[in-house]
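This report describes one structure for a reader who has not seen it before.

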Amino acid sequence: MISRKEIKSLINMSPKFDDMVNSLQSAPKLPKAMVKETQKVIAIARKFNREVVRPSVLGLDLKMHENPNYLPWEFVEKANEWGFYTMWIPKMFGGQGYNQPSMAYFAEEIASECLAMANLIGVHYLGMASLSATFNTRMINKIAREVAAGEKNQTPCLISLAITEPGAGTDVEEVDLLDKGNITCHAEKVPGGYKVNGTKVFISNGHLSAWHIVIAYSDLKKPSENTVTFAVKTGAQGFSFGRKENKMGQKGCPASELIFKDCFIPDENVCLTPREMENFKRGNKASAMQMIHYVVSVTRAGVGAFGAGAARGAYEKALKFASETKVNGKLLINHEWAQCMLAEMYKNIALARLSYVETNYANGIYGFYKNLQSKPAYYYNKVVPSKWFDRFSSMMDKPFMTNLFRKRQMDGQTDEEINRTSGWGSLSKFAATDMGIKNCRMALDLMGQAGLRHDRGVEKIYRDAKLLQIYEGTNQLNRLNLFNCLIAKDHPQAVVFDE
Ligand SMILES: Cc1cc2nc3c(=O)[nH]c(=O)nc-3n(C[C@H](O)[C@H](O)[C@H](O)COP(=O)(O)OP(=O)(O)OC[C@H]3O[C@@H](n4cnc5c(N)ncnc54)[C@H](O)[C@@H]3O)c2cc1C
């Protein structure tokens with residue numbers, strides 16, 4: 001009826017089968033033990049919600065409203081005590097080595113109770129992912145092992161990512177926009193390192209972090225070809241914190257200003273230089289974009305999970321209200337119109353979840369998790385005790401390890417794989433965060449005046465969820481990135497990021 005040749009040609013027509021379904025391709029390759037491990041992660045998150053998050057969520061929001069300068073150390077210490085800052089760091093770098101996609105399910109759980117607290121944990125992994133995307137194994141090993149030590153001696157060691165500048169937010173998320181943007185953070189090459197001047201703003205967890213992964217540019221006239229990634233430790237000379245933003249939502253998670261004044265970064269803390277990027281297969285500029293794609297394919301799925309969590313939080317509050325409140329002598333939950341609204345909200349959560357899960361399947365076969373998730377690598381990491389990895393830790397400091405990782409990860413990834421993972425990352429980011437907002441609006445509609453009260457929790461979720469549409473690239477930027485990665489590739493006449 002149909003020849004093999006025909007099948008091949010038809011499934012490669014747009015939309016290409018490989019771009020449409022990641023789960024079907026990925027599922028047979030997945031290690032079975034990931035299922036049980038993911039269930040354990042979800043259970044831990046639910047326990048943490050019950051014991052730590054739920055009792056303090058509204059109190060923390062009010063406290064931050066009254067004193068925006070307050071730093072929620074007590075919560076960070078609890079998360080550290082529970083092991084959340086090393087849970088998804090591979091054992092070879094001193095962490096607990098849980099499977100990477102399980103983090104997104106965890107994020108949804110915590111976010112369903114409080115987005116600020118979810119971000120206090122999640123953004124540490126944005127820092128970790130950005131550091132990891134330099135594939136500088138020496139620096140990853142150094143910082144990740146400090147995080148692990150901070151867990152053992154109960155002194156949290158968090159990592160932030162500093163990329164946004166006062167005049168450039170969207171522009172730093174896409175190299176085609178970088179050279180048109182108002183970039184000011186300058187890294188001047190000096191003997192033995194770089195001298196950095198400039199300011200970063202809206203850096204989540206800034207004031208709480210021990211390490212900051214900072215992106216600066218060695219030539220401000222052509223930043224797209226001169227990206228420098230380095231790690232700065234809190235307390236470094238020439239580095240200081242500025243103001244904390246007084247935000248409308250996610251108040252429990254500080255957004256900080258980072259100021260660099262003639263801040264000297266020694267070569268040993270430089271993670272990736274423009275010269276090193278020239279050696280990558282794609283050259284300097286395209287490799288800078290590939291690094292962004294690597295990180296955001298994962299972190300945007302994470303923000304998608306936050307969106308699913310927000311959608312779920314709003315739904316759960318609305319469901320509780322409908323179960324307890326009578327309208328015209330009948331419980332709201334027994335009114336057909338309310339049942340339709342609750343069903344619609346349930347559907348929004350399910351679709352939001354599917355979008356981030358599908359993205360993580362893509363990351364597992366084509367992106368960041370590819371090597372960690374192959375069956376041999378996964379079981380090796382799972383079964384072998386941490387002490388064994390610790391014995392060989394110094395291997396990670398050797399330049400050949402960095403070269404090996406860069407060759408495999410950067411040069412080994414095809415353009416199609418980059419487009420697929422990044423396109424899906426953007427899809428889940430804007431789809432799920434829009435669902436979060438949608439469910440907040442529906443919950444408020446269903447609950448009437450009660451929904452507006454702080455103690456009901458929905459107005460807080462609404463304020464918190466709005467921020468999700470902005471960070472990790474605005475939803476507009478993410479729509480453009482999806483267009484660029486998954487639509488424009490089949491339409492050579494389409495020009496993106498040209499305005
Ligand atoms: C709570 C919070 C936490 C954050 N945490 C961090 C962090 O930890 N680290 C970090 O580095 N940054 C962080 N950010 C910054 C965040 O990534 C930026 O806010 C975001 O990228 C948008 O940039 P902007 O706010 O400067 O908006 P702008 O870039 O000024 O955009 C303004 C508007 O114009 C639109 N726009 C801009 N350019 C284009 C274009 N070319 N095409 C179409 N539309 C465009 C945008 O979509 C938006 O609607 C955080 C932000 C928030 C709100």
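## Ligand site

Helices (H or I, at least four residues) and strands (E, at least two) are DSSP runs, numbered from the N terminus. The model is a predicted one. In the shell around the ligand, at least two residues each come from strand E1 (159-162), strand E3 (193-204) and helix H19 (475-487).

The ligand is surrounded by 24 residues, and the closest are Thr164, Gly169, Thr170, Thr474 and Gln476. Sorted by class, the shell around the ligand holds 13 nonpolar, nine polar and two charged residues.

## Two domains

The protein chain is divided into domain 1, which covers 16-157 + 281-491, and domain 2, which covers 160-278. Taken over C-alpha atoms, the centres of domain 1 and domain 2 are separated by 23 Å.

Where the domains touch, 40 residues of domain 1 are in contact with 34 residues of domain 2. On the side of domain 1 that touches domain 2, the elements giving two or more residues are helix H4 (33-66), helix H7 (115-132), helix H8 (137-152), helix H11 (283-324) and helix H18 (458-468). H7 gives the largest share of this side, 11 residues. The class count for this side of domain 1 is 22 nonpolar, 13 polar and five charged residues.

## Helices H11 and H18

Two packed helices are described by the angle between their axes and the distance between the axes. For H11 and H18, the axes come within 10 Å and cross at roughly 165°. Angles over 145 degrees count as roughly antiparallel, and H11 and H18 are therefore roughly antiparallel to each other. Their crossing is left-handed.

H11 brings Val303, Phe306, Gly307, Ala310, Gly313, Ala314 and Lys317 to the contact, and H18 brings Val458, Ile461, Asp464, Ala465 and Leu468. The residues of this contact of H11 with H18 are eight nonpolar, two polar and two charged.

## Helices H4 and H6

H4 also packs with helix H6 (residues 102-113), at an angle of about 20° and with the axes 9 Å apart. That angle makes H4 roughly parallel to H6. The crossing in which H4 passes H6 is right-handed.

Which residues make the contact of H4 with H6? From H4 they are Glu37, Thr38, Val41, Ile42, Ala45, Arg46, Asn49, Val53, Arg54 and Val57, and from H6 they are Ser102, Tyr105, Phe106, Glu109, Ile110 and Glu113. By class, the contact of H4 with H6 has eight nonpolar, three polar and five charged residues.

## Backbone details

Most residues other than glycine have a negative phi, and most peptide bonds are trans. The peptide bond from Ser14 to Pro15 is cis, and its omega is near -5°. Pro15 sits in the loop between helix H1 (4-11) and helix H2 (17-20).

Phe135 is a residue other than glycine with a positive phi, near 55°. Its place is in the loop between H7 and H8, and both of these helices are among the elements that give two or more residues to the side of domain 1 touching domain 2.

Note on methods. Residues are numbered from 1 along each chain as its sequence is written. This is a predicted model: local features need pLDDT of at least 70, side-chain atom pairs count only at pLDDT 80 or more; totals for chains, interfaces and linings use all residues. Domain bounds come from an automatic or database domain assignment. Two residues are in contact if their C-beta atoms, placed from the backbone, lie within 7 Å. Ala, Val, Leu, Ile, Met, Phe, Trp, Tyr, Cys and Pro count as nonpolar, Asp, Glu, Lys and Arg as charged, and the others, Gly among them, as polar. Axes are lines fitted to C-alpha atoms, for helices over the stretch in contact, and angles run from 0 to 180 degrees between N-to-C directions. Angles under 35 degrees count as roughly parallel, over 145 as roughly antiparallel, 65 to 115 as roughly perpendicular and the rest as oblique. A crossing is left-handed if the near helix is turned anticlockwise from the far one by less than a right angle, and right-handed if clockwise. A residue is near a molecule or strand if its C-beta atom, placed from the backbone, lies within 6 Å of it.
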